[in-house]
Amino acid sequence: MSIPDRASVVIIGGGVAGCSIAYHLTKIGVTDVVLLERSKLTSGTTWHAAGLVGQLRATRNLTELAKYTAELYRSLEAETGQATGFRQNGSVSTATTPARFEELKRGASMGKTFGLEIDVLSVGEIKERWPLLRVDDLVGGVFLAKDGQTNPIDTTQALAKGAKQRGARMFENTAVTKIRVERGRAIGVETCDGFIAADTVVLCAGMWSHKIARDIGVAVPLHAAEHFYIVTEPMQGLPGNLPVLRVQDECAYYKEDAGKLLMGCFEPVAKPWGMQGIPDDFSFETLPEDYDHFEPILNAAIRRVPALADAGIQLFFNGPESFTPDDRYYVGETPEVRDLFVATGFNSIGIQSSGGVGKVLADWIRDRRPPLDLCDVDVRRIVPFQANRRYLHDRTVESLGLLYAMHWPYYQYQTARNARRTPLHDRLVAAGACMGETAGWERPNWFAAPGSSPRYEYSYGRQNWFDACGAECRALRDAVALFDQTCFAKFIVQGRDACRILNQLSTANVDVPPGRIVYTQWLNERGGIEADLTITRLAEQEFMVVTSAICQTRDLAWLRRHIAAQPEAFCTVTDVTAGIAMLGIMGPRSRDLLQAISGADLSNAAHPFGVSREIEIGYAFVRASRITYVGELGWELYLPAEHCLDVYERIVAAGEAYGLRHAGYHAMGACRVEKGYRHWSHDIGDEDTPLEGGLGFTVAWDKPGGFTGRDALLAQRARGTLPKRLVQVMLDDSSERAPLLYHEEPIIRDGRIVGSIKSGAWGHRLGRSLGMGYVNDESGVTREWLESGRWEIEVACQRYPAAVQLQPWYDPKNERIKS
């Protein structure tokens with residue numbers, strides 16, 4: 001069979017992800033699908049995967065995808081007639097330390113909100129489920145009954161067979177040499193056997209994805225690493241019904257298979273592979289054994305499972321798998337090229353992810369929009385520099401091992417740092433900053449007191465920076481604090497149609513006089529929030545859009561695509577993030593300080609809230625915007641990066657008289673939770689509407705021309721009470737024993753789970769553990785319903801009384817920010 005001249009969808013790569021996408025496309029009626037595999041199906045990585053099928057992931061939607069994968073694999077053999085080897089034998093995860101046990105129990109509580117069956121196990125119960133295990137030093141564990149394992153090759157073949165039964169065509173030994181792009185769209189692929197035109201191209205090429213994408217100017221940052229496991233000879237007395245075992249404190253996992261035991265690892269210092277590219281002919285090859293590298297893991301495994309000492313090793317395996325800088329895979333349409341989708345970079349969880357990924361990406365390709373909130377794995381989260389090969393090599397040393405490392409709150413990567421630095425970086429370090437990293441930016445998370453070390457000591461409770469953060473928050477409340485916010489993304493939008501296009505995108509009316517700041521959301525057609533940002537009108541035909549660092553690629557792509565959809569429009573957008581520094585001067589004495597060094601009148605009469613104007617500080621012209629993300633009187637200062645040091649030095653020199661203190665992003669995060677300020681990707685996303693998120697005040701319902709998503713919001717408003725709303729949560733306990741809230745802790749009303757926490761922090765200005773999250777009730781979430789319930793938050797399987805309300809806990813009338 002020769003390759004066709006064209007197809008509706010061309011999939012590059014015949015691993016489990018590519019075959020799953022073909023399977024799901026044909027299942028929803030998209031049958032003109034061609035899959036191209038450079039070698040044989042499953043070659044590269046899929047064929048040697050361990051085949052673990054776990055279900056608990058970091059978010060509800062990713063967990064739902066993993067649950068779907070297990071359900072699919074359970075029925076796939078009956079549907080296709082191809083055996084898969086799937087067994088739903090459950091999994092046990094163990095803890096050797098109290099901290100790991102708390103992590104497991106927090107995960108168990110989170111799993112309850114996702115509908116997972118998770119049992120917390122005593123040491124004795126672990127021994128019952130895994131009799132060969134040494135347990136004398138364990139603290140406890142958890143059991144997930146519906147986890148399991150499968151045969152990766154057979155499962156992939158079953159997916160391929162199902163796809164072909166419904167019309168998909170698959171070509172092995174057909175290498176794609178290049179994706180053809182015209183006018184910003186993927187129009188097909190060049191292969192060793194000729195060109196195939198396509199309406200959609202899907203890149204599922206695993207380790208090869210980075211190079212294929214790079215050749216057309218698309219960033220898909222991933223790097224291969226060596227992954228090790230052993231398979232024993234048949235072991236006498238090895239039970240055949242053992243659940244998958246994870247001993248993450250020893251970096252190891254175990255699974256029984258046909259009377260043998262497979263033991264693999266995710267060691268803390270990994271070995272990147274393929275720095276100069278993956279060989280074109282690499283298919284079912286293995287990498288050289290490295291017993292010295294693997295020996296510490298094996299020795300620990302023999303101590304943990306003593307029967308291994310007498311078992312022969314049938315196979316010592318080393319093969320490559322691809323890893324991403326943040327250990328999350330990529331899915332979705334690329335921001336650089338339309339009609340090019342990716343599903344790649346699976347970080348050793350491709351088997352357990354591929355079923356769900358295939359389903360959502362098939363729907364995404366058909367509908368040209370994601371079927372659910374996938375921001376955690378959306379390819380638009382990356383920034384282009386992350387495709388740098390040296391960066392990827394250096395980060396991969398760490399990222400493989402992080403799969404089984406402690407998943408500490410606020411964990412900061414140790415590798416591939418200092419990629420993006422603001423002009424103030426060295427000054428802030430000298431001032432005691434403990435730097436964290438976001439989207440490659442080095443930014444101060446907190447400032448160590450003189451004589452103390454600016455480094456993290458992690459825990460699930462109050463970490464070593466707790467008091468330093470508290471001091472910053474109190475300075476912000478009582479005097480004035482300085483934030484370096486240069487990492488925020490900044491776009492200049494210009495042209496005679498700039499106002500019209502921005503108004504079409506925005507819920508709020510941005511057709512305001514020059515010098516006004518507008519807080520707004522950008523919505524999809526369903527009313528979901530795609531972006532949360534501010535827009536400042538600089539002139540009649542010029543605007544500045546400011547958004548968070550993590551949204552730089554995503555929001556810029558959203559804006560550019562809406563401009564491109566109107567080719568007759570006169571409108572341009574320029575990313576000026578790197579050239580414009582941004583400082584936050586916040587607190588009740590911010591006005592006094594800025595007036596002293598600028599000579600400008602910053603009174604309420606001359607410079608009210610929501611106004612932006614140019615002032616002079618030192619030798620610079622500075623745009624002073626009166627707005628806040630911390631709930632205090634303050635200004636964001638925008639200035640050319642080359643003037644940043646001059647302005648900073650003058651602020652610091654004059655600030656001493658006003659009690660100025662440096663403050664970091666942990667303080668900003670704590671204060672914004674106290675004030676109920678939303679964070680896109682945590683508290684609001686593309687499945688949440690402004691009405692559900694408590695942001696209805698931004699909506700200009702009757703502005704001329706309307707806005708994207710208006711019809712969906714009107715329909716939601718017409719229905720009356722909302723069955724889902726974002727609420728503010730405060731634990732009753734104000735003592736040091738009060739637990740900290742982080743993410744997805746169950747919210748319980750009258751003994752029943754009705755929602756979960758999305759963001760949490762200790763509110764230093766209020767002295768309480770706080771959070772915000774969504775609650776659900778089919779009859780409508782009203783103030784009366786909230787006030788009539790008995791509320792609790794579950795943390796690590798323990799419930800704590802709490803108060804819940806719609807308005808923020810701190811300064812609900814906005815008196816401080818408008819003082």
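Start by selecting Thr113: leaving out residues up to four places away in sequence, Thr113 touches Arg60, Glu744, Pro746, Ile753, Gly755 and Ser756, where contact means heavy atoms within 4.5 Å. Before you go on, note that this is a predicted model, in which local features need pLDDT of at least 70, side-chain atom pairs count only at pLDDT 80 or more, and totals for chains, interfaces and linings use all residues. Residues are numbered from 1 along each chain as its sequence is written, and side-chain values use heavy atoms, with hydrogens and water left out.

**Stop 1: around Thr113**

Show the cartoon and you will find Thr113 in helix α3 (residues 98–113). Helices (H or I, at least four residues) and strands (E, at least two) are DSSP runs, numbered from the N terminus. Is Thr113 buried or exposed? Thr113 counts as buried because its relative accessibility is 8%; buried means under 20% relative accessible area, exposed over 50%, and partly exposed in between (1.4 Å probe, protein chains only). Then show side chains: that of Thr113 reaches the backbone oxygen of Met110 at 2.7 Å.

**Stop 2: around Ala70**

Next, pick Ala70, which lies in helix α2 (residues 60–80). With 1% relative accessibility, Ala70 counts as buried. Which residues is Ala70 in contact with, leaving aside its neighbours within four places in sequence? They are Val53, Gln55, Phe86, Gln88 and Lys146. Select Gly355 as well: its C-alpha atom is separated from that of Ala70 by 7.9 Å, although the two residues are 285 apart along the chain.

**Stop 3: strand β15 and its partners**

Move on to strand β15 (residues 260–265), which is largely enclosed by the rest of the structure because 5 of its 6 residues are buried. On one pairing, strand β14 (residues 252–257) and β15 run antiparallel over 6 bridges; two strands pair if DSSP finds at least two bridges between them. Here Lys255 has Leu262 in β15 as its bridge partner. β14 and β15 form a hairpin with 2 residues between them, and Ala258 in the turn has a positive phi of about 55°. Another pairing joins β15 to strand β12 (residues 223–232), antiparallel, through 3 bridges. Click on Val231 and look across to β15: its bridge partner is Leu262.

**Stop 4: a sheet of 5 strands**

Now colour the open sheet of 5 strands whose order is β24-β25-β26-β23-β27, with antiparallel pairing. Its edge strands, each pairing on one side only, are β24 (517–523) and β27 (572–575). Neighbouring strands of this sheet are turned by 30° against each other on average, direction ignored. Select strand β23 (residues 489–494), which pairs with β27 in the antiparallel sense over 4 bridges. There, the bridge partner of Phe491 in β27 is Asp575.

What lies across these strands? Helix α13 (residues 552–564) lies across β23, β24, β25 (529–539), β26 (542–547) and β27, and runs at about 165° to β27. For such values, axes are lines fitted to C-alpha atoms, for helices over the stretch in contact, and angles run from 0 to 180 degrees between N-to-C directions.

**Stop 5: a sheet of 6 strands**

Turn to the open sheet of 6 strands, ordered β29-β30-β31-β28-β22-β32, with mixed pairing. β29 (612–617) and β32 (660–662) stand at its edges with a single partner strand each, so one side of each has no neighbour in the sheet. From one strand to the next, the twist averages 30°. Select strand β22 (residues 480–484): 3 bridges join β22 to β32, and the two run parallel. Val480 stands opposite Leu660 in β32.

- Helix α11 (residues 466–478) lies across β22, β28 (580–586) and β32, at about 145° to β32.
- Helix α14 (residues 590–598) lies across β22, β28, β29, β31 (634–640) and β32, at about 55° to β29.

**Last stop: the whole protein**

Zoom out to see 18 helices and 38 strands. The C-alpha trace spans about 80 × 65 × 55 Å along its principal axes. Of the 819 residues, 63% count as buried. Among contacts between residues at least 6 apart in sequence, 72% join residues at least 24 apart.

Terms used: Polar contact = N/O pair within 3.5 Å; in protein donor to acceptor, adjacent residues only side chain to side chain.
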